[in-house]
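My entries follow the model shown here.

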Amino acid sequence: MNCSAAAATGPPAGGHPRRRGRTHGDGERVTRKAETIIVVSELKDLPPGAGRLVTADDFLAGVEEDTRRQATVINLCRSWRYLSKGYYVSLLADARGQTVLPTVDTVEGVLNPHAVFRALQEAGIKTIDVEQMSGRRRSLPETIVVTDDIGLPPRRRRADLPLVRHLVNDIVTYRPAEDAEMAEAVVFLGECGDKRFARLAAQVYRVWPMPLLLLRLLREDDAWKVIQLVPLKVHKLSDAQREDLVRALDRPASKLLPRREPDDDRPTLSVAVLYDENDRHRPSTPETIDRLVKIGAKKGVHVHRIEPGEVARLGDYDALFIRVLTGLELPAFRFALRAEALGMPVIDETRSIIRCSNKVYLHELLSRAGLPMPPTMIATRQTRYEDLAAALRLPFIVKLPDGSFSSAVFKVKGREDYEHRAAELFKESPLVICQAFTPSDFDWRVTTLDGKPLFTCKYHMATGHWQIRDTGPRGARYGRVEAVPRDEAPREVVKLACKAAKLIGEGLHGVDLKETPAGPVIIEVNDNPNIDVGYDDAADGDVIYEELLDAFVRRIEEARRQKTLAAAATAARGDKGNNGKGERREDTGSSRLRRPIGKVPPRAAGETYKAYEVCGLELEYVLVDRDLNAVPLAEQCLAALAGRPASDASLGVVGFSNEIFQHVLELKTEVPLKSLAQSEELLVEGVRRAAGLLAERFDARLLPTGMHPWLDPRKARMWERSNNRIYQTYARLFDTTTHGWANVQALHVNLPLGTEKEAVAMMNAAALLVPYLPAVAASTPIHDGELQPAVDSRLQFIIEHQTKIPESCGEIVPEFVASLAQYKRDVLGPMYRAVEKLDGGRVLRHEFLNARGAVFKLSRESMEVRVLDTQECVKLDVAIAVFVRWALKALADALLSGRMVTDDHSLLVEDFQAVVREGTRARVHAPHLLAQEERDDEDKVEVRRVLHELIAMARKKAPAREEPYLDLVAGIVRQGSLSECMKAALDPYMGDADTFTEAARRLYIQLSECLVENRPWAGRGL
């Protein structure tokens, strides 16, 4: 029987009890049978059959006993204004411990338009807020001639209609909305009769849980956006609307309250984008800002536009991103100054604006650093033309020090031309830049973020012109923008651009360069460079916006940390309060959750590890609900652990990160440790930290083993927060809706390579060890709700999961190698060539594509062993890691000494496939181990004998303190792997599908408990 089908119908009889209450609304706990009390100003406001009606006077007086008991109170009074009866109904209901809608906080908030729209936007609901619409109206005289009002009702005159944004010849303009673009929806306790807006109504109700709401909506950009939210009064409803309200009230109390989503309370950071849609020099299109808003919502970062006249609103946000023309006399500089005065991160900061706005300063800065530029001279009125022409040759370029967008830049061909242009420029500045003309078909634009490449483009010259921008009688013309993947741009161009950007400082900079026969030269460095959807981002896509938002997150967190340190320093100087004695703030749940686990060992810069000196571990677990169904909670877990929306969280030695699917969480040692016993201790703390978080906030848990027993991979959700381009490419090129992708969890063991000779021996030793590891590590006897033929079902899928590029996985057993160069040529080379032939496959051209059982991670100078299923507890994962570490060293030493030689690789592949199928019962060749007299007529030996010899070899290398772990591995060899023990425990139930399902569920619950308690499962017999 398929366990997933049984799971869909709820827990089995005798399973865990359902909770009696659930948390709703503002966090109050209510029971399913809790009574609903409806408070009205007058009983006539609702018909008698509407439910338990109580007047505001009776409720406030408490004359009836049940008005004081635990209940859900729906406050439908005619007024909630401050100190009115309706206000006191909500206030006293809260004081009595009752759940009330609306709360006083909700009432106060919903009366503040700014608060209303801010909360909706942070929840990802599309809006056009009051300030945006007011800004549109201010631009109305320039964009719309209001005519033809005759015949329209007074409230529907065109001047009063909401304005819809649209583009005309790439210019933003507005027009009054048409009837089909406007709508109203009445929301009764989260429900809306108009199916078009049912989901939107529920979303708004979660944010603003008012019993009666009117939503005014505008259709723009193919989406309905909230433009107004109006609380309604019950006595103003029509008869039909009153009937809809009564139907909505005729539900259990728990159904009346807003349903909380797992991420409703996740921390949200905010970034204000200074933007003017009608600025003709804006560095980003409206669609680009829309993309930033959308990606920010996924990452838990609220991105919101503010206009140049709204500097007073800046303090409402955590950071500022400038997307208007910059200059010392422009509003952008005033905003940057204000942000810095508030202690807010800003891109770009005032220093970048000052430095980049003056080309004289840039020339001096770049020259002093010795960076290549075209020959350049700074001219004054006294500078002789002959000197310029001799040094720069004709033609040459003259330009103002503070020009932008190719304005005030001229090519001069002779004395008369120069004198004419210079006379005009010297009226604007006492200094003029003169630069040798460097003709080219395009300029390189390398846009950097914090000194690292963000994206690269070729800015081609406008047709028939020597600049990328040509201003003629018909307006400005631009050359073609050709985005180039940043990892494919010429290395020397990118390197030079990063050097130049770092001289300016951290931030977002656009470096313009030209390629010459002598190498690239810098033309200029710009602050506030262009980022436009479909142009600059065409090659690298959303990763540009993700990294930009990540930079803001880092800045915000650092700013908060500095404020905390400053406050602590102030307290240490004696400003402690409490009569000078100081107070110790109580540790909160969040701070306990994020407290560092272990202390990162000190290490000198540049120091490398010796082979086998340390070991790093990675463990993957499925996130499941109480019924053991997989749930996509990884993003919420990581946000809680990191204190912000994130793809990973680093807590001292232990780190947490995402995998390719949303239902998997990875735990790892952030730094490799010498002692695996210490790794066990710290990883157990990490497991318990994550398990506690899941239980408390999500009523969920971690599930060990290498596969979920009844997950339907077709329904699994891919990770979307980061690395979208990589994951989406995997999904396009491979069938990721299969168990081999969506349902595999492993233990990865990472070891430092040491010298090249040691690294080669380590990889060859891995080829001799990997075939036999599934016999001790298999933990996957079930998938699709049924026992499977193979002992290690996970590896059975892995063998086939990248067959579209067979070069990427080989035969899982790693090939023998002679050198690192040969590994790159014969292993990585064919893999990279194969993936580059696939449409868009180049993004996967990384060492992570290698799916063999042991791989070099040359980027971090380590080897990773990957054929190990996750066990039921960290203790046994560490025991297997101890075995792998020291067995590899023993085999490698034997190879280096000549006591052992590499043998027939095809026999090792046969051994691996036999062990995956049969576990410890397999008979294998093991050509490099055991004497001939140990073998049968087929020249094979029982894999248990092989493993016992390998354990004996490992004991000679392992330190004494790790001997107990090898004893555990020896016990596994005797008793069989976890997979075999599970299969033995479940075999008696195979005759009846329902009984088998119950037995399997009980077993996996036991395994999840073993994980938290860090003990082997009793069924192992260890």
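I worked on a predicted model, in which local features need pLDDT of at least 70, side-chain atom pairs count only at pLDDT 80 or more, and totals for chains, interfaces and linings use all residues. Residues are numbered from 1 along each chain as its sequence is written, and side-chain values use heavy atoms, with hydrogens and water left out.

I looked up S19, residues 432-436; strands here are DSSP runs of E with at least two residues, helices are runs of H or I with at least four, and both are numbered from the N terminus. I found 5 of the 5 residues of S19 buried (under 20% relative accessible area, 1.4 Å probe, protein chains only). Val-432, Cys-434 and Ala-436 point one way, and Ile-433 and Gln-435 the other.

I looked up H14 (residues 359-368) and H17 (residues 491-504), whose axes come within 11 Å and cross at roughly 120 degrees. Axes are lines fitted to C-alpha atoms over the stretch in contact, with angles from 0 to 180 degrees between N-to-C directions. Leu-362, Leu-365 and Leu-366 of H14 meet Ala-500, Leu-503 and Ile-504 of H17 (heavy atoms within 4.5 Å).

Methods
Buried means under 20% relative accessible area, exposed over 50%, partly exposed in between (1.4 Å probe, protein chains only).
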